[in-house]
Amino acid sequence: MVAPTFNLANYLQRHIYFAIAAFLILGWASAADAQQAIASIDRNPVVEHSAFVLTVTSDESLTRDAFAPEQLINDFEVRSTSVSSSTSIINGERTRSTEWRVTLLAPSAGNYEIPAFAIGSSSTAPIKVEVVRAADQPSQDRNSFVEASLSTETPYVQQQVTYTVKLYLGEQLETGSLSLPSIEHASVEQLGQDRQSQEVIDGRRFQVLTRTYAITPRRSGEFTVPGVRFDGQVRRTQPGSFSALGRIEPVSTRSADLAIEVRPRPAGFVGEWLPSEQVTLEEQWDPDSTRYVIGEPITRRITITAAGARPEQLPMPSVEYPDGFRVYPDRGQQESTLIRGVAIARATYTAAIVPANAGEFTLPAVQIPWWNTRTDQLEFANLPERTVTISVPPGGLNVPGSVQAESSSQDTSTVAETDIADIGQRHTPVPEELHELLTYWQLATVLLATGWLLTGLLWWFNRAKQTPTKTAAEYVPLNARQSLHNLKQACKNNSVQQVRTALLAWHQARTGQPARGLFHVARALGSEALQTHLVGIEAALYSKEPQQWREGAALWKCVQELHQKPRLDDALPRLYPH
């Protein structure tokens, strides 16, 4: 029997294979033990400006602040973070895990990376994220999106622009909100209530929420209307499952930015600037007639209506009345309504008219210039002239100052003189002793009265010397002094916007009537110098290129001369003197 020979080469080969296999198995087990944290996102690619969820899971029991996404993620906006912990026992082995769910908001289209995170004793791997434009997203993957549009992209300054926002939702909405667009040098307000409807796009049904805003630019130039953002939560369910068992997921989307070029008002336009789609003038007379009687009051209401405008933009009609009419204007009333998605502004101005002279009079026509934004041309809203006849009431007049009143006064004097004469004729003679006594007391009474009169005159002259003469500034009404002070400071600072606001406030405090623009102030005061200054203010406010206004000192000098004049309402007689 031959003994087996020992083969050293085969022995070493078998042991080397065994060592390599053992090394690989241990290395794999060690690597498996080292993979203790995992990061993932719920979708990739992601639509720009939309929300997606980053999930980070660790098999360790960690505290909430063990992972701080706000400090680690720079390319994406962190919206919210929720943390949950769990413990499970499988085959007697206890395992623990901590999970973070972070809602991120994608930036504009491009390629980005979520970096690796060190969590506890392990770390995650980085994630490449592709952000695509909303237009490039397949229609079947669009669960929610926002579209926005403008009624015009080239409006005039102070022209109202309709901004329509539509939110499309293909999932069940739980909560949500739309942001209000914020634009520099423009006012933004919502028009009416939201409207809900349904639309079918590429065979898929969407719930549609429509919201309308009115944007009124206050300055000409190029602007960007930022997109409106929607943030909310939807309930996502698997096909065939109950909707109540769906999972609440955050959703965020945004409309695209829109460019707008605001044109300045045309150079040839004269008067209060009023851009609108339609402007009308109406009037009502009470009583409605062309024949009136002296002294009987008449009520006239003039209503101006403008489509696509704000109430404060409506100018006050300039109405001229012939001599022989006393006019007592009332404060105007303004309102704004929405008709078929168009903002309608309306202002009503009422005046009480009292005719004082008889005859036939022609009331001139009323005209308001406005700029038609549809036809892009100047137009006028008109009220035709009106001819009225004023007659003397039956039985004549008995008004103080009239011929009848003077005749009555003369008759009364004649009667009084006749009565006194009759009394003198019927006077009984007085005895001589009593007559001398009456003469003594009459003389004493005259001397005493003369003394009192001289004392009163001396006191009045001394008081006149001690009382200082009031300056013109002291005759400014108390309620107008604060607005006058504000106007002075605005002129000192050459702040054209503050000057405009202070001028309107000063006019209202001084006259008690609101002004419908700067030129209304100049017309009310009858000052051509002030009107010249206001042309420069209007140019600085509404020109296409920003202008430096340095006329504050000259304007304040003009106002100093004007505020010394009596107020308009001081010169008007009272409607009811008794």
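**A first walk through the model**

Guide: β1 and strand β3 (residues 51-58) run antiparallel, joined by five bridges. Within that pairing, S40 stands opposite T55 in β3. Keep in mind that this is a predicted model.

Visitor: Which way do the side chains along β1 point?
Guide: They alternate. A37, A39 and I41 point to one face and are buried.

Visitor: What's the strand order in the open sheet?
Guide: The order is β1-β3-β5-β4, with antiparallel pairing. The edge strands are β1 (37-41) and β4 (77-90), and each pairs on one side only. Neighbouring strands of this sheet are turned by 15° against each other on average, direction ignored.

Visitor: How many bridges between β4 and β5?
Guide: There are 13, in the antiparallel sense, and β5 covers residues 93-105. I90 stands opposite E93 in β5.

Visitor: Back to β1. What sits in the loop between β1 and β2?
Guide: P45 lies there. A cis peptide bond joins N44 and P45, with omega about 10°.

Visitor: Where is the cis bond with omega about 0°?
Guide: That bond joins D286 and P287. P287 is in the loop between β20 (278-286) and β21 (291-293).

Visitor: And V47, is it buried or exposed?
Guide: V47 is buried, at a relative accessible area of 13%. V47 belongs to strand β2 (residues 46-47). Among the residues V47 touches, leaving out those up to four places away in sequence, are A106, V131 and V132. R133, A134 and Q137 are also touched by V47. The C-alpha atoms of V47 and R142 are separated by 9.1 Å, though these residues are 95 apart along the chain.

Visitor: New topic. Where is S255 found?
Guide: S255 is in the loop between β17 (247-254) and β18 (258-262). S255 is buried because its relative accessible area is 1%, and buried means under 20%.

Visitor: What does S255 touch?
Guide: Not counting residues up to four places away in sequence, S255 touches V146, E147, A148, Y163, G227 and V228. A polar atom of the S255 side chain lies 2.8 Å from the backbone nitrogen of V228.

Visitor: How many cavities of 30 Å³ or more?
Guide: One. The largest cavity holds about 60 Å³ of space.

Visitor: Which residues line the largest cavity?
Guide: The lining is I183, E184, H185, A186, I215, P217, F223, V225, I260 and V262. The elements giving two or more residues to this lining are β14 (204-217), β15 (221-225) and β18.

Visitor: Last one. Why is α7 largely enclosed?
Guide: Six of the eight residues of α7 (residues 518-525) are buried, so the helix is largely enclosed by the rest of the structure. The buried ones are L518, F519, H520, V521, A522 and L525. G526 follows α7, and its phi is positive, near 65°.

Key:
Residues numbered from 1 in each chain as written. Predicted model: local features only at pLDDT ≥ 70, side-chain atom pairs only at ≥ 80, totals over all residues. Heavy atoms only, no water. Pairing = 2+ DSSP bridges. Helix = DSSP H or I, 4+ residues; strand = E, 2+ residues; numbered from the N terminus. Axes fitted to C-alpha atoms, helices over the stretch in contact; angles between N-to-C directions. Buried < 20%, exposed > 50% of the residue type's maximum accessible area, 1.4 Å probe, protein only. Polar contact = N/O pair within 3.5 Å; in protein donor to acceptor, adjacent residues only side chain to side chain. Contact = heavy atoms within 4.5 Å. 1 Å grid on protein atoms, 1.4 Å probe; cavity = no way out; pocket = protein on both sides within 12 Å on 5 of 7 lines; lining within 4 Å. Points joined across faces, edges and corners; volume = space filled by probe spheres on them.
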